[in-house]
Amino acid sequence: MINSSSSTYGALLFTLYSSLDSLRYMYLLFSLLLYFVTVFANVFLMLVIYVEPGLHKPMYIFIFNLALNGLYGSSAFYLKLMDNLLSGGQESSYIYCLVQVFCVTTYGAFTFTILAVMAYDRHVSICKPLQYYSIMTPSKVKGLLTGAYLLPVSGMLIHITLTGRLPLCRFTIHKLFCDNWTVVKLSCVDTNANNVFGLFLTVVFAAFPFVVVLHSYVQILLVCFKATKEAQRKALSTCAPHLITFINFTLASLFSVIYNRFDYQLPTSINVFMSVHFIVIPPLLHPIIYGIRTQDIWKSILKIFRKTAADDKPRVPIHKMSLAAVIKN
(Lines give C-alpha, C1' and ligand atoms only; values in the text may rest on other atoms or scores of the structure.)
Protein backbone atom coordinates (compact mmCIF):
# COMPACT_ATOMS: atom_id res chain seq x y z
CA MET A 1 0.00 0.00 0.00
CA ILE A 2 1.27 3.46 -0.90
CA ASN A 3 1.10 5.98 1.95
CA SER A 4 0.20 9.63 1.59
CA SER A 5 3.73 10.84 2.16
CA SER A 6 4.85 9.12 -1.01
CA SER A 7 1.78 9.97 -3.02
CA THR A 8 3.64 12.41 -5.23
CA TYR A 9 5.68 9.56 -6.67
CA GLY A 10 3.14 6.77 -6.24
CA ALA A 11 1.10 4.99 -8.89
CA LEU A 12 -2.58 5.59 -9.50
CA LEU A 13 -4.74 2.65 -10.56
CA PHE A 14 -7.40 3.05 -13.27
CA THR A 15 -9.99 0.42 -12.33
CA LEU A 16 -12.10 0.93 -15.46
CA TYR A 17 -9.47 -0.80 -17.64
CA SER A 18 -10.12 -4.11 -15.88
CA SER A 19 -13.69 -4.15 -17.21
CA LEU A 20 -12.35 -3.71 -20.77
CA ASP A 21 -9.69 -6.40 -20.52
CA SER A 22 -11.64 -9.16 -22.29
CA LEU A 23 -12.04 -6.95 -25.38
CA ARG A 24 -8.83 -4.99 -24.94
CA TYR A 25 -7.54 -5.36 -28.49
CA MET A 26 -10.91 -4.51 -30.01
CA TYR A 27 -10.99 -1.29 -27.99
CA LEU A 28 -7.38 -0.62 -28.99
CA LEU A 29 -8.23 -0.96 -32.68
CA PHE A 30 -11.33 1.20 -32.27
CA SER A 31 -9.33 3.87 -30.41
CA LEU A 32 -6.61 3.81 -33.05
CA LEU A 33 -9.21 4.25 -35.80
CA LEU A 34 -10.92 7.15 -34.00
CA TYR A 35 -7.60 8.84 -33.32
CA PHE A 36 -6.48 8.41 -36.93
CA VAL A 37 -9.74 9.91 -38.27
CA THR A 38 -9.51 12.78 -35.75
CA VAL A 39 -5.91 13.57 -36.69
CA PHE A 40 -6.63 13.28 -40.42
CA ALA A 41 -9.73 15.51 -40.27
CA ASN A 42 -8.01 18.25 -38.25
CA VAL A 43 -4.70 18.18 -40.15
CA PHE A 44 -6.51 18.17 -43.50
CA LEU A 45 -8.61 21.19 -42.47
CA MET A 46 -5.49 23.00 -41.28
CA LEU A 47 -3.66 22.26 -44.55
CA VAL A 48 -6.59 23.53 -46.64
CA ILE A 49 -6.61 26.80 -44.69
CA TYR A 50 -2.81 27.06 -44.91
CA VAL A 51 -2.43 26.46 -48.66
CA GLU A 52 -5.40 28.54 -49.82
CA PRO A 53 -4.59 32.29 -49.82
CA GLY A 54 -8.31 33.10 -49.94
CA LEU A 55 -8.70 31.55 -46.49
CA HIS A 56 -6.02 33.68 -44.83
CA LYS A 57 -8.66 35.72 -43.00
CA PRO A 58 -9.43 36.09 -39.27
CA MET A 59 -12.38 33.69 -39.34
CA TYR A 60 -10.33 30.87 -40.85
CA ILE A 61 -7.28 31.61 -38.70
CA PHE A 62 -9.50 31.00 -35.67
CA ILE A 63 -10.84 27.78 -37.23
CA PHE A 64 -7.21 26.71 -37.82
CA ASN A 65 -6.48 27.21 -34.12
CA LEU A 66 -9.64 25.33 -33.12
CA ALA A 67 -8.45 22.35 -35.19
CA LEU A 68 -4.96 22.64 -33.68
CA ASN A 69 -6.47 22.55 -30.19
CA GLY A 70 -8.50 19.49 -31.17
CA LEU A 71 -5.26 17.69 -32.03
CA TYR A 72 -3.75 18.75 -28.71
CA GLY A 73 -6.68 17.56 -26.61
CA SER A 74 -7.28 14.28 -28.39
CA SER A 75 -3.56 13.41 -28.28
CA ALA A 76 -3.46 14.05 -24.53
CA PHE A 77 -6.18 11.42 -24.14
CA TYR A 78 -5.65 8.83 -26.89
CA LEU A 79 -1.89 8.29 -26.60
CA LYS A 80 -2.02 7.22 -22.95
CA LEU A 81 -5.25 5.26 -23.54
CA MET A 82 -3.72 3.23 -26.37
CA ASP A 83 -0.51 2.70 -24.40
CA ASN A 84 -2.50 1.21 -21.51
CA LEU A 85 -4.63 -0.93 -23.81
CA LEU A 86 -1.57 -2.20 -25.68
CA SER A 87 0.49 -2.98 -22.59
CA GLY A 88 -2.41 -4.19 -20.46
CA GLY A 89 -1.34 -1.76 -17.76
CA GLN A 90 -3.79 0.05 -15.52
CA GLU A 91 -1.43 2.39 -13.71
CA SER A 92 -0.13 5.92 -14.13
CA SER A 93 2.46 7.83 -12.16
CA TYR A 94 1.13 10.75 -10.17
CA ILE A 95 3.37 13.17 -12.07
CA TYR A 96 2.09 11.96 -15.45
CA CYS A 97 -1.46 12.15 -14.11
CA LEU A 98 -0.97 15.83 -13.24
CA VAL A 99 0.47 16.48 -16.71
CA GLN A 100 -2.60 14.87 -18.26
CA VAL A 101 -4.86 16.94 -15.98
CA PHE A 102 -3.13 20.10 -17.20
CA CYS A 103 -3.46 19.09 -20.87
CA VAL A 104 -7.13 18.08 -20.57
CA THR A 105 -8.16 21.20 -18.64
CA THR A 106 -6.26 23.60 -20.91
CA TYR A 107 -7.78 21.86 -23.95
CA GLY A 108 -11.26 22.57 -22.56
CA ALA A 109 -10.41 26.17 -21.65
CA PHE A 110 -8.74 26.80 -25.04
CA THR A 111 -11.85 25.53 -26.82
CA PHE A 112 -14.16 27.90 -24.94
CA THR A 113 -11.88 30.95 -25.34
CA ILE A 114 -11.31 30.31 -29.07
CA LEU A 115 -15.06 29.85 -29.63
CA ALA A 116 -15.68 33.12 -27.75
CA VAL A 117 -13.16 34.93 -29.98
CA MET A 118 -14.83 33.41 -33.05
CA ALA A 119 -18.25 34.66 -31.85
CA TYR A 120 -16.80 38.16 -31.46
CA ASP A 121 -15.38 37.91 -34.99
CA ARG A 122 -18.80 36.91 -36.42
CA HIS A 123 -20.43 39.75 -34.48
CA VAL A 124 -18.07 42.33 -35.99
CA SER A 125 -18.41 40.80 -39.46
CA ILE A 126 -22.23 40.93 -39.51
CA CYS A 127 -22.98 43.93 -37.31
CA LYS A 128 -20.14 46.19 -38.53
CA PRO A 129 -19.25 44.91 -42.02
CA LEU A 130 -17.80 48.20 -43.27
CA GLN A 131 -15.48 48.45 -40.27
CA TYR A 132 -14.55 44.77 -40.15
CA TYR A 133 -11.00 44.97 -41.51
CA SER A 134 -10.23 48.13 -39.54
CA ILE A 135 -11.30 46.35 -36.32
CA MET A 136 -10.03 42.82 -37.00
CA THR A 137 -6.50 43.83 -37.92
CA PRO A 138 -3.66 41.26 -37.96
CA SER A 139 -2.36 42.64 -34.66
CA LYS A 140 -5.86 42.41 -33.13
CA VAL A 141 -6.18 38.78 -34.27
CA LYS A 142 -2.76 37.93 -32.79
CA GLY A 143 -3.70 39.66 -29.53
CA LEU A 144 -7.00 37.77 -29.26
CA LEU A 145 -5.32 34.42 -29.91
CA THR A 146 -2.50 35.21 -27.47
CA GLY A 147 -5.07 35.95 -24.76
CA ALA A 148 -7.07 32.84 -25.68
CA TYR A 149 -3.98 30.71 -24.99
CA LEU A 150 -2.02 32.52 -22.28
CA LEU A 151 -4.89 33.19 -19.88
CA PRO A 152 -5.95 29.51 -19.62
CA VAL A 153 -2.32 28.39 -19.27
CA SER A 154 -1.73 30.86 -16.44
CA GLY A 155 -4.91 29.88 -14.60
CA MET A 156 -4.38 26.14 -15.04
CA LEU A 157 -0.76 26.31 -13.84
CA ILE A 158 -1.98 27.78 -10.56
CA HIS A 159 -4.77 25.19 -10.40
CA ILE A 160 -2.44 22.25 -11.04
CA THR A 161 -0.06 23.59 -8.37
CA LEU A 162 -2.90 23.62 -5.85
CA THR A 163 -3.83 20.07 -6.83
CA GLY A 164 -0.24 18.80 -6.77
CA ARG A 165 0.31 19.92 -3.18
CA LEU A 166 -2.53 17.70 -1.89
CA PRO A 167 -1.49 14.49 -0.10
CA LEU A 168 -3.46 11.45 -1.28
CA CYS A 169 -5.03 8.74 0.80
CA ARG A 170 -6.76 6.93 -2.07
CA PHE A 171 -5.14 5.73 -5.30
CA THR A 172 -7.88 4.25 -7.47
CA ILE A 173 -9.64 6.13 -10.29
CA HIS A 174 -12.76 4.70 -11.90
CA LYS A 175 -12.03 6.36 -15.25
CA LEU A 176 -9.80 5.97 -18.29
CA PHE A 177 -7.79 9.15 -17.74
CA CYS A 178 -6.95 11.79 -15.14
CA ASP A 179 -8.99 14.95 -14.63
CA ASN A 180 -8.62 17.53 -11.90
CA TRP A 181 -11.79 16.83 -9.89
CA THR A 182 -11.10 13.09 -9.83
CA VAL A 183 -7.56 13.66 -8.50
CA VAL A 184 -8.75 16.19 -5.90
CA LYS A 185 -11.29 13.63 -4.59
CA LEU A 186 -8.39 11.27 -3.82
CA SER A 187 -7.08 13.64 -1.18
CA CYS A 188 -7.69 13.14 2.52
CA VAL A 189 -7.30 16.82 3.54
CA ASP A 190 -9.39 19.95 3.14
CA THR A 191 -9.77 20.90 -0.55
CA ASN A 192 -11.75 24.15 -0.20
CA ALA A 193 -8.99 26.22 -1.83
CA ASN A 194 -9.04 23.92 -4.87
CA ASN A 195 -12.83 24.02 -5.07
CA VAL A 196 -13.05 27.81 -4.83
CA PHE A 197 -10.31 28.38 -7.39
CA GLY A 198 -11.81 25.70 -9.65
CA LEU A 199 -15.16 27.52 -9.51
CA PHE A 200 -13.39 30.79 -10.34
CA LEU A 201 -11.74 29.20 -13.39
CA THR A 202 -15.07 27.74 -14.50
CA VAL A 203 -16.61 31.21 -14.42
CA VAL A 204 -13.68 32.79 -16.28
CA PHE A 205 -13.11 30.12 -18.94
CA ALA A 206 -16.60 28.65 -19.40
CA ALA A 207 -19.31 30.99 -18.09
CA PHE A 208 -17.71 34.20 -19.40
CA PRO A 209 -17.14 32.80 -22.94
CA PHE A 210 -20.77 31.58 -22.86
CA VAL A 211 -21.92 35.14 -22.09
CA VAL A 212 -19.72 36.52 -24.89
CA VAL A 213 -21.20 34.04 -27.40
CA LEU A 214 -24.75 34.70 -26.20
CA HIS A 215 -24.31 38.48 -26.40
CA SER A 216 -22.76 38.22 -29.88
CA TYR A 217 -25.63 36.15 -31.25
CA VAL A 218 -28.28 38.40 -29.68
CA GLN A 219 -26.69 41.33 -31.53
CA ILE A 220 -26.48 39.30 -34.74
CA LEU A 221 -30.16 38.33 -34.49
CA LEU A 222 -31.18 41.95 -33.96
CA VAL A 223 -29.29 42.95 -37.11
CA CYS A 224 -30.70 40.02 -39.09
CA PHE A 225 -34.29 40.94 -38.25
CA LYS A 226 -33.77 44.23 -40.08
CA ALA A 227 -31.90 42.71 -43.03
CA THR A 228 -33.10 41.24 -46.32
CA LYS A 229 -33.83 37.55 -46.77
CA GLU A 230 -30.61 37.10 -48.73
CA ALA A 231 -28.56 38.80 -46.01
CA GLN A 232 -30.25 36.62 -43.38
CA ARG A 233 -29.41 33.49 -45.38
CA LYS A 234 -25.74 34.50 -45.68
CA ALA A 235 -25.52 35.32 -41.98
CA LEU A 236 -27.08 31.98 -41.08
CA SER A 237 -24.70 30.03 -43.34
CA THR A 238 -21.74 31.88 -41.81
CA CYS A 239 -22.79 31.44 -38.18
CA ALA A 240 -24.32 27.94 -38.30
CA PRO A 241 -21.01 25.96 -38.08
CA HIS A 242 -19.82 28.03 -35.13
CA LEU A 243 -23.17 27.77 -33.33
CA ILE A 244 -23.34 23.99 -33.87
CA THR A 245 -19.75 23.63 -32.65
CA PHE A 246 -20.34 25.76 -29.56
CA ILE A 247 -23.55 23.93 -28.58
CA ASN A 248 -21.88 20.56 -29.16
CA PHE A 249 -18.89 21.36 -26.96
CA THR A 250 -20.96 23.06 -24.25
CA LEU A 251 -23.26 20.05 -23.92
CA ALA A 252 -20.30 17.65 -23.94
CA SER A 253 -18.59 19.66 -21.20
CA LEU A 254 -21.82 19.87 -19.20
CA PHE A 255 -22.20 16.07 -19.35
CA SER A 256 -18.63 15.71 -18.12
CA VAL A 257 -19.13 18.14 -15.21
CA ILE A 258 -22.37 16.47 -14.11
CA TYR A 259 -20.76 13.05 -14.37
CA ASN A 260 -17.70 14.11 -12.35
CA ARG A 261 -19.60 15.96 -9.64
CA PHE A 262 -22.23 13.31 -8.99
CA ASP A 263 -21.41 9.66 -8.37
CA TYR A 264 -23.79 7.73 -10.58
CA GLN A 265 -23.81 3.95 -10.72
CA LEU A 266 -23.94 3.49 -14.48
CA PRO A 267 -23.23 0.58 -16.84
CA THR A 268 -19.61 0.45 -17.99
CA SER A 269 -20.38 1.51 -21.59
CA ILE A 270 -22.29 4.61 -20.43
CA ASN A 271 -19.63 5.27 -17.81
CA VAL A 272 -16.91 5.29 -20.47
CA PHE A 273 -18.92 7.45 -22.90
CA MET A 274 -19.84 10.05 -20.27
CA SER A 275 -16.24 10.39 -19.09
CA VAL A 276 -14.61 10.74 -22.53
CA HIS A 277 -17.36 12.45 -24.55
CA PHE A 278 -16.04 16.02 -24.32
CA ILE A 279 -12.50 15.05 -25.38
CA VAL A 280 -13.38 12.48 -28.08
CA ILE A 281 -16.46 13.76 -29.94
CA PRO A 282 -15.76 17.52 -30.42
CA PRO A 283 -12.25 17.16 -31.96
CA LEU A 284 -13.70 14.55 -34.33
CA LEU A 285 -16.83 16.48 -35.36
CA HIS A 286 -15.63 20.10 -35.42
CA PRO A 287 -13.40 19.87 -38.53
CA ILE A 288 -16.10 17.86 -40.31
CA ILE A 289 -18.75 20.46 -39.44
CA TYR A 290 -16.57 23.33 -40.67
CA GLY A 291 -15.45 21.43 -43.76
CA ILE A 292 -19.02 20.69 -44.85
CA ARG A 293 -20.97 23.69 -43.55
CA THR A 294 -18.54 26.51 -44.42
CA GLN A 295 -18.88 27.30 -48.12
CA ASP A 296 -15.45 28.87 -48.63
CA ILE A 297 -13.70 25.90 -47.02
CA TRP A 298 -15.84 23.42 -48.97
CA LYS A 299 -15.10 25.24 -52.24
CA SER A 300 -11.38 25.26 -51.41
CA ILE A 301 -11.46 21.51 -50.72
CA LEU A 302 -13.17 20.87 -54.08
CA LYS A 303 -10.68 23.18 -55.79
CA ILE A 304 -7.75 21.23 -54.34
CA PHE A 305 -9.26 17.91 -55.44
CA ARG A 306 -9.93 19.22 -58.97
CA LYS A 307 -6.40 20.57 -59.23
CA THR A 308 -4.97 17.25 -58.02
CA ALA A 309 -7.11 15.33 -60.50
CA ALA A 310 -6.04 17.64 -63.35
CA ASP A 311 -2.37 17.22 -62.45
CA ASP A 312 -2.79 13.43 -62.48
CA LYS A 313 -4.16 13.35 -66.04
CA PRO A 314 -1.64 11.91 -68.53
CA ARG A 315 -0.15 14.45 -70.90
CA VAL A 316 0.36 13.62 -74.59
CA PRO A 317 4.11 13.60 -75.42
CA ILE A 318 5.16 16.11 -78.04
CA HIS A 319 6.58 13.42 -80.33
CA LYS A 320 3.16 11.72 -80.44
CA MET A 321 1.25 14.80 -81.55
CA SER A 322 -0.45 14.42 -84.88
CA LEU A 323 1.10 15.97 -87.99
CA ALA A 324 -2.02 18.13 -88.41
CA ALA A 325 -1.61 19.53 -84.92
CA VAL A 326 2.08 20.31 -85.56
CA ILE A 327 1.29 22.07 -88.86
CA LYS A 328 -1.59 23.96 -87.22
CA ASN A 329 0.71 25.21 -84.49
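A salt bridge is a side-chain nitrogen of Lys or Arg within 4 Å of a carboxyl oxygen of Asp or Glu. This report applies that term to a predicted model, in which a search of the whole structure finds five salt bridges. Side chains of opposite charge can pair when their charged atoms come close.

**Salt bridges**

Arg-233 and Glu-230 form a salt bridge, with 2.7 Å between the closest N and O atoms. Both residues belong to helix 8, which covers residues 229-261, and they sit three residues apart, or about one turn of the helix. Arg-233 has a relative accessible area of 43% and is therefore partly exposed. Glu-230 is also partly exposed, because its relative accessible area is 40%.

Asp-83 pairs with Lys-80 in another salt bridge, where the closest N and O atoms are 3.9 Å apart. These two residues are three apart in helix 2, so about one helical turn separates them. Lys-80, at 14%, is buried, because buried means under 20% relative accessible area.

A further salt bridge joins the side chains of Lys-303 and Glu-52, at 3.4 Å from N to O. Lys-303 is partly exposed because its relative accessibility is 48%. Glu-52 has a relative accessibility of 11% and so counts as buried.

The distances for these pairs are listed here.

| Salt bridge | N to O distance |
|---|---|
| Arg-233 and Glu-230 | 2.7 Å |
| Asp-83 and Lys-80 | 3.9 Å |
| Lys-303 and Glu-52 | 3.4 Å |

Asp-179 is found in the loop between strand 3 (172-173) and helix 6 (180-184). Is Asp-179 buried or exposed? Its relative accessibility is 7%, so Asp-179 counts as buried.

Which side chains make polar contacts with the side chain of Asp-179? One of them is that of Lys-175, at 2.2 Å. Another is the side chain of Thr-182, at 2.9 Å. When neighbours within four places in sequence are left aside, Asp-179 is in contact with Val-101 and Asn-260.

Conventions. Residues numbered from 1 in each chain as written. Predicted model: local features only at pLDDT ≥ 70, side-chain atom pairs only at ≥ 80, totals over all residues. Heavy atoms only, no water. Helix = DSSP H or I, 4+ residues; strand = E, 2+ residues; numbered from the N terminus. Buried < 20%, exposed > 50% of the residue type's maximum accessible area, 1.4 Å probe, protein only. Polar contact = N/O pair within 3.5 Å; in protein donor to acceptor, adjacent residues only side chain to side chain. Contact = heavy atoms within 4.5 Å.
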